[in-house]
Amino acid sequence: SGDAANAPISDRELARWRLMNQRLTGSPAADPVGVVRHLLGVQAENYGQATWAIASRCQSATAAEFDVMFDRGDLLRTHVLRPTWHF
């Protein structure tokens, strides 16, 4: 049958969907907190690289703004489930 809901997805469509859902294309989040909420967690062993990964997914965020949010407790860095750090 020609049911579109059951049609296989192409590699290109899957790549576009993943980029959009990871906020690397399309509408960026308003701020770092929105990115972490959307992704449900971001690996953060290296603080600088993790903040860069989050900043690349939101409208604008400087390192200083991110540090303020972190210091204020808007973003939490933890390793509750395993020894890997996450925001």
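This is a predicted model: local features need pLDDT of at least 70, side-chain atom pairs count only at pLDDT 80 or more; totals for chains, interfaces and linings use all residues.
Start with the core. The largest nonpolar core has 13 residues. Those that touch the most other members are Val35, Val36, Val42, Ile54, Phe66, Leu75 and Phe87. Three helices each supply at least two residues of this core: α2, spanning 32-39, α3, spanning 47-55, and α4, spanning 63-72. Helix α2 gives the most, with 3 residues. As general background, nonpolar side chains in soluble globular proteins tend to be buried together.

Take Leu75 from that list. Which residues is Leu75 in contact with, leaving aside neighbours within four places in sequence? They are Pro32, Val33, Val36, Phe66, Met69, Phe70 and Phe87. Three of those names, Phe66, Phe70 and Phe87, come back in the ring cluster.

Now the rings. Searching the whole structure gives 5 aromatic pairs. I will describe two. One is Tyr47 with Phe66, an edge-to-face pair with 6.0 Å centre to centre and 80° between the planes. Tyr47 belongs to helix α3 and Phe66 to helix α4, so this pair ties together parts that are 19 residues apart in sequence. Are the two partners buried or exposed? Tyr47 has 23% relative accessibility and counts as partly exposed, while Phe66, at 3%, counts as buried.

The other pair is Phe70 with Phe87. Their ring centres are 6.0 Å apart and their planes stand at 85°, so this pair is edge-to-face as well. Phe70 is partly exposed, with a relative accessible area of 26%, and Phe87 is buried at 8% relative accessibility. Taken together, ring pairs join Tyr47, Phe66, Phe70 and Phe87 into a cluster.

A separate ring contact involves a charge. The charged end of Arg77 sits over the ring of Trp85, 4.9 Å from the ring centre.

Last, Val33, which lies in helix α2. Its relative accessible area is 14%; the cut-off for buried is under 20%, so Val33 is buried. Not counting residues up to four places away in sequence, Val33 touches Met69, Asp74 and Leu75. How far is Val33 from Glu45, 12 residues apart along the chain? Their C-alpha atoms are separated by 18 Å.

Methods
Residues are numbered from 1 along each chain as its sequence is written. Side-chain values use heavy atoms; hydrogens and water are left out. A nonpolar core is a set of buried Ala, Val, Leu, Ile, Met, Phe, Trp, Tyr and Cys residues joined through side-chain atoms within 4.5 Å. Buried means under 20% relative accessible area, exposed over 50%, partly exposed in between (1.4 Å probe, protein chains only). Helices (H or I, at least four residues) and strands (E, at least two) are DSSP runs, numbered from the N terminus. Contact means heavy atoms within 4.5 Å. Rings of Phe, Tyr and Trp (its six-membered ring) pair if their centres lie within 6.5 Å; planes under 30 degrees apart count as stacked, over 60 as edge-to-face and the rest as tilted. A charge sits over a ring if NZ of Lys or CZ of Arg is within 6 Å of the ring centre and within 35 degrees of the ring normal.
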